Number of protein chains: 2
Amino acid sequence: MTHPWKIIETRFDPNRVKAAESLFSIGNGIMGQRANFEENYTGESLSGSYIGGVYYPDKTRVGWWKNGYPEYFAKVLNSAFWIGVEVKINGEPLDLHTAKVLDFYRELDMRHGLLIRRFTAELPNKVKVEVEAVRFVSMVRTELGALSYSLKVLNGDAEVELMPYTNADVKNEDANYDEKFWDFVEQSALPSSNYVTMRTKKTDFSVSWFSQYEVAVNGKLSNIVFSPVEKHAWVGASTVLKVQKEETITFYKYVGIASSLNHHAENLAKAAQEVAVEAQKAGFAALREEQSKAWEEKWAQADVEIGGDDEAQQGIRFCIFQLLQTYTGKDTRLNVGPKGFTGEKYGGSTYWDTEAYCIPFYLSTAGDKTARELLKYRYNQLPKAIENAQKLGFTDGAALYPMVTMNGEECHNEWEITFEEIHRNGAIAYAIYNYIRYTGDRNYLAEYGVEVLLGIARFWAQRITWSEERSKYVMLGVTGPNEYENNVNNNWYTNYIACWCLRYAKESMEWVKQTQPQLYAEIVKKTHFDELNEWAQWIDIAEKMHFPEDKERQIFLQQDGYMDKEQILVKDLDPAQRPLNQKWSWDRILRSCFIKQADVLQGLYFFEDNFDIDTIRRNFHFYEARTVHESSLSPCVHVILAARIGDMDKAYELYLRTSRLDLDDYNKEVNEGLHITSMAGSWLAVIQGFAGMRVRDGQLTFDPKLPKHWTGLSFKVNFRGEIVEFKA
Amino acid sequence: MTHPWKIIETRFDPNRVKAAESLFSIGNGIMGQRANFEENYTGESLSGSYIGGVYYPDKTRVGWWKNGYPEYFAKVLNSAFWIGVEVKINGEPLDLHTAKVLDFYRELDMRHGLLIRRFTAELPNKVKVEVEAVRFVSMVRTELGALSYSLKVLNGDAEVELMPYTNADVKNEDANYDEKFWDFVEQSALPSSNYVTMRTKKTDFSVSWFSQYEVAVNGKLSNIVFSPVEKHAWVGASTVLKVQKEETITFYKYVGIASSLNHHAENLAKAAQEVAVEAQKAGFAALREEQSKAWEEKWAQADVEIGGDDEAQQGIRFCIFQLLQTYTGKDTRLNVGPKGFTGEKYGGSTYWDTEAYCIPFYLSTAGDKTARELLKYRYNQLPKAIENAQKLGFTDGAALYPMVTMNGEECHNEWEITFEEIHRNGAIAYAIYNYIRYTGDRNYLAEYGVEVLLGIARFWAQRITWSEERSKYVMLGVTGPNEYENNVNNNWYTNYIACWCLRYAKESMEWVKQTQPQLYAEIVKKTHFDELNEWAQWIDIAEKMHFPEDKERQIFLQQDGYMDKEQILVKDLDPAQRPLNQKWSWDRILRSCFIKQADVLQGLYFFEDNFDIDTIRRNFHFYEARTVHESSLSPCVHVILAARIGDMDKAYELYLRTSRLDLDDYNKEVNEGLHITSMAGSWLAVIQGFAGMRVRDGQLTFDPKLPKHWTGLSFKVNFRGEIVEFKA
């Protein structure tokens, strides 16, 4: 059922429980929760409750250690299961794994940020029960999770036992050495409230979960008394109610979740308690209203409407919803994790995805300030990026940002990526440029940007090699965005963005020098900048860089030697061989011409204005024919370029691969979580692809080319303090 | 102390216990034992007792899984500690970690295959004791280990408790998931004998250790009675003797070690018992004599005498001794493990070292038959090599031999090696050629060789790529013997040996076709060989292969693009930066010009007669200057080529790096075990380097060029059934 504002599930499929848990995840940028059931569920499930910035440094697991590998990998932490309500009716546990599910309905109300579930089930003891559960994590009260759980016995009077609980004794599925990541600190259970405080091992983050709960009968709050229950790192309370047929029992739970990121560790339980108590005072209906309003405000500046294509409509709203609930810009220590708050996989929180794909989304939908926080995140981590480069043998303030990180330290450990996929540094510089182009906020350079650009430029200046043989600079041993080539020489994209960085760093420094000479002098001193020699060297490199190309075909070559490969096109690949990354051994993928995501095209997308349309067209046709799009970040760039050259059939074909990737679970991996960052790519495909939005000379421009069957496209973007409405 | 026939240690150094345990290891080609002490030792030690062919498939540990990786890594198994004798004097344990060691002497008598240790120690209770321990694993009775342990109390009468035991409850230090690899089967302890039987997990190898023991007082066997003691997987017996000052108590232990590789699992204890009982009947003195004779016979056909250089003399004999006790050719299922029976590290048993370095040694010192068993090992594993290639996408009987193996299955898991270091296939073909050149036994081709060559040729024919761009065949994505380059294109050595394989496979098949047409027809049928097309394709590839070269410098280029690197010479490297593999991150090593072992030179060494002396000289000078020799297999080839071009200073300088690598513990890693296979390189350096031995047209030829200060060099080699003596 395709609803423009809702994701709806109308039947219970035990084989899709984990996938649905991902799809129906809720979050508020600070924390999030998978769509696990409140009542016990003994079937397969991935329990997931995540608090942004609370991580565990899991000891690295490698086959063959290489110098320079990090000691640990920062894992997203599964934390206490605070939504739990055990239900027994006439002594029989309510468990959809053992019950007969008579009907089942679940919706993610994206407009209002609510998760709603209704079902009727027959228990093994023949009791029929109807349930409605509503929950959300509050966008307004960022430390609050709230739920209501209503229950009606349909076929007679019954004894209903309710046992709300928080279980903090949880594990990560993704644990390299099968350890638990949390230590118990303290807990207490009272008749109508309880709390538990835990501390992460090694990192010493503390978190308290404080619950207040109450019960209403037929809509009227009752004074039912619970008896506290405690286990190890587990607090709950139990009560047995005699309910009459068709009587509605509603249980409310208000959970304050406070972490030592924002409070003194000693005061955590109290801080969490305040949140829970205030929430209870407000009451569930008022909180729900508050939540709905907050989301409506977000949509008022972020919505995209597509006419004539319900699936596309639902798909794009799902992307926007997930991105807005993953990152809100309220905490500069956070970033846009590849799975957001929907799963554990990939650990870390920050990849180059943020800068390459997400920044334009947040600029347009959440505003300059939100995007600026993402830039500052990298500024704050500059010292760690310099340390990281030092570990790899670079000197004098050269900075290499990590491939994956939580707190600025590298977490990735596979040499061809960790050490060689250095184009990420380019994307971080490009994001600064992109931000300033969009916002006009050039002063960001003076405040933060220029130091980052300097560290990055120094990295490139040391990373290149002068080839006597060619009398050119070369860049040896890199992996481009196309990870289906490893350790190649002269990756066109990397060489191009490196040279661009060198020039842009110099320009930016010159601007600061001219406009704020005092500040510039301080930066020069602090960074021991040798203006004369370093600038000259940067420009020399940019001017004498080697760029591989195929003169005959008039295309840029992905890397040296690419044309030695057997040139087969994707259309001639046996479908049984795909996806290649599941069917072929790694060496076979590497020596084939097939491309995971086309990095020459990524470069043409970033630097579009530097190339004429025929150059874009020739390269697009060449690389698109060889690209298997086995990265979720791949198709969006192709959509934008295809639209640019007017190939709308191709653009729409590729758009379909990105817009409903998770909703339709193309790759059968939604159970692990959603592809949050690639959702920004879907948004780019619509806005920059079909609407053709660009910023030129401080103006928004559009060049709409809609897919044939779309009857309309309208959306809102934030631009320099105003909400601009586009309609086509 | 440098003795020509012995390795001698004259003081006890607690910090070098593990290193000495490696250096003084003993073996008999079937099993081996590190030089752990018989009595308890509570200091740092690496207990090691190994039985060839008994391995454990340890679950692979990787960071990022790649398609095609093997599920397990076959580990060399630490097995029961059969040498144990606990000693207590007046209740105080004899333990060199707690005692004051007054004097200490240990020798490895290489001439006779004996390990002898003498010491005087003062225990914490002031008892002074003198001990002599002698042990060996028998070259004649391959399932026998024997030891004598004599003890004298020097400063008064005393009560001596002796407790001989076998502890089968052992672990591997190298275990990916910290598991134990053995399951207990059965055990029994009697007053003068005991046994324990264990079975390996997953692989179900069973082994029994059966001990007979007796005590002599002042040289006369006594009828002292022991009381049996049992623990879990631990069998022993204890007795307390009242000994007088200066009285000599000698304890003898005869241990039969029988495995299910050679016996029915049900009969193991009995088989082991027979060995132990027979040994006891013969008596220790006779067994020792038998052992000495067996080793003297080996030396009669394998010795190398070097005049005027005691260190070189000792060094080369140590190499020969270790190689001869690692592999004897008695069991085709065994091979030459990189650490032999001296440590756990690297697991597996078979690397390309065997074919590239060890075959000539065994041909000359142990004879044709022994070397032939090594070839047959690969023949027997051909079906697994074909399977292995299939896993990587090859078809039609193409064979890729594993990088590391025990039973023919790949055990290595790092893509740039496992999938790409495919030159190993070439060495396996080359070993067949080398064997036939040396022995004249061309019929090996018909019996076994040609099928292996066919599988290998088919692999190469599928592994190459036709480059339209160059109108040449290219070989993409390989790692050469120089592992400081990964995933390169057109590694000269790999391309060269591939073409050579293709031609040699065809020639060999033609010879079989001509001489044994019936057999040839059978092979064609069995392998579905398409003579017309496959041969034509092979020759086409060999003729049109691309070989990178530097025309100006007139050298072969290690791979495409090598001259783009910054050309620094090793002599200009800051010594503080070495070894690079400990000081530099992996990407930095990869993009530098520095070479771990020079693969162009490996090719010139293998195919010397195809190149003129100036070509060898030019390439030698170019690559030697860039080679850091961070592989123990590297210097020997350089010695041989340096001698070939008459650069004797260089030859000797490099010889020093190989000949006493372990004895002098250059790399501070002898504690982990010895570099067994690189010892064959030291032998090659002397025989092919300084003596200039070659086989040409079925004749041995020599071109001696001795290091200046050597007063003489003589050695014996087996050649076509005769012992040839060389003297210079």
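Predicted model: local features only at pLDDT ≥ 70, side-chain atom pairs only at ≥ 80, totals over all residues.
**View 1. Chain A as a whole.** Chain A contains 20 helices and 29 strands. Its radius of gyration is 27 Å, close to the 27 Å that the globule rule gives for 728 residues, so chain A is as compact as a globular protein of that length. Along the principal axes, the C-alpha atoms of chain A fill a box of roughly 90 × 55 × 50 Å.

**View 2. How the two copies are related.** Two copies of a chain are related by a rotation about an axis and a shift along it.

**View 3. Helices H6 and H9 of chain A, side by side.** Here you can follow helix H6 (residues 368-380) of chain A and helix H9 (residues 423-439) of chain A, whose axes come within 11 Å and cross at roughly 155°. Are the two helices roughly parallel or antiparallel? Angles over 145 degrees count as roughly antiparallel, and H6(A) and H9(A) are therefore roughly antiparallel to each other. Their crossing is left-handed. On the H6(A) side, the contact is made by Asp368(A), Ala371(A), Arg372(A), Leu375(A) and Arg378(A). They meet Ile428(A), Ala431(A), Ile432(A), Tyr435(A) and Thr439(A) in H9(A). Sorted by class, the residues of this contact are six nonpolar, one polar and three charged.

View 4. Now move to chain B, where helix H4 (residues 310-326) and helix H5 (residues 353-365) pack at an angle of about 90°, with their axes 11 Å apart. That angle makes H4(B) roughly perpendicular to H5(B). From H4(B), the contact takes in Ile320(B), Leu323(B), Leu324(B) and Thr326(B).

View 5. Most residues other than glycine have a negative phi, and most peptide bonds are trans. What kind of peptide bond joins Arg578(A) and Pro579(A)? The bond is cis, with omega about -5°. Pro579(A) lies in the loop between strand E25 (555-556) and helix H14 (580-583) of chain A. In chain B, the peptide bond from Arg578(B) to Pro579(B) is cis, with omega near -5°. Pro579(B) sits in the loop between strand E25 (555-556) and helix H14 (580-583) of chain B.

**View 6. Positive phi values at Asp204(A) and Ala233(B)****.** Asp204(A) has a phi near 55°, which is a positive value in a residue other than glycine. You will find Asp204(A) in the loop between strand E15 (193-200) and strand E16 (206-217) of chain A. Where is Ala233(B)? Ala233(B) is in the loop between strand E18 (227-231) and strand E19 (234-243) of chain B. The phi of Ala233(B) is positive, near 50°, and this residue is not glycine.

Definitions and conventions
Residues numbered from 1 in each chain as written. Chains lettered and ligands numbered in written order. Heavy atoms only, no water. Axes fitted to C-alpha atoms, helices over the stretch in contact; angles between N-to-C directions. Helix = DSSP H or I, 4+ residues; strand = E, 2+ residues; numbered from the N terminus. Parallel < 35°, antiparallel > 145°, perpendicular 65-115°, else oblique. Left-handed = near helix turned anticlockwise from the far one by under 90°. Contact = heavy atoms within 4.5 Å. Nonpolar A, V, L, I, M, F, W, Y, C, P; charged D, E, K, R; others polar. Rg over C-alpha atoms; globule rule 2.2 N^0.38 Å.
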